[in-house]
Amino acid sequence: MLRIWGRRNSINVQKVMWAAGELGLAHEHIDAGGSFGGLDTDEFAAMNPNRRVPVIDDDGTVVWESHAIVRYLAAKYGAGTLAPDDAGLRAQCDMWMDWTLADLQPAFIGGVFWNFYRTPEEQRNWKLIRQGLARTTILFKLLDEYMAGRAFIAGDSFTMGDIPAGAQLYRYFTLRIDRVPLPGVEAWYARLQEREAFRTHVMVPYADLYGRLKF
């Protein structure tokens, strides 16, 4: 049995839950992190010495770091679908997964979501928020140009490459922030919303995170 540790309103946990949902994998979800705690135990540290979620245990195979987990699940259970057989298509997935980790998520989640939504109003640093939003806009414009004429990240079919960047979209389009028109990304977002696993695992309310720098 696949076991997944994490809190459902964590964007990194959502990537893993979304992948498991797309693959139809039977699993046990264990609430951990944030208000659920559980990361300071010796048992958890034995799985992930970083004491962070998500973590999975797949019949004895333990994997941590969200993108590593998505790649593992796709390779083991979604070969030819979530993990494309074609090396070129798989490289497209890897490029955008790494780009999200290195660029998009730090700019949006770190620069905007944390500084704006997670920070109490009286503590907000608007210079940092504006900088984060400007960088996020540049990155989403880049992604928008790429998505023009594409259904999904790697072409006509949904793959693991859609998951990391796609997991940012619900919060991006529901936050009360200024956004520029992004027709390619908006069309992609609409297609993702047609997927049950996306609606279930990514379109998760996050109001309990408002103004909370700590749990």
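The model is predicted: local features need pLDDT of at least 70, side-chain atom pairs count only at pLDDT 80 or more, and totals for chains, interfaces and linings use all residues. Residues are numbered from 1 along each chain as its sequence is written, and side-chain values use heavy atoms, with hydrogens and water left out.

**Aromatic pairs**
- The structure holds 16 aromatic pairs; rings of Phe, Tyr and Trp (its six-membered ring) pair if their centres lie within 6.5 Å, and planes under 30 degrees apart count as stacked, over 60 as edge-to-face and the rest as tilted.
- One of these pairs joins F152 and F158 edge-to-face, at 6.0 Å centre to centre with 90° between the planes.
- Y189 and F198 also form an edge-to-face pair, with 6.2 Å centre to centre and 75° between the planes.
- One aromatic cluster is formed by W18, F108, F140, F152, F158, Y172, F173, Y189 and F198.

- F152 counts as buried because its relative accessibility is 9%; buried means under 20% relative accessible area, exposed over 50%, and partly exposed in between (1.4 Å probe, protein chains only).
- F158 is buried, with a relative accessible area of 9%.
- Y189 is buried at 9%, and F198 is buried at 0%.

**Charges over rings**
- The charged end of R195 sits over the ring of F158, 4.0 Å from its centre; this term requires NZ of Lys or CZ of Arg within 6 Å of the ring centre and within 35 degrees of the ring normal.
- Over the ring of Y172 sits the charged end of R179, 5.9 Å from the ring centre.
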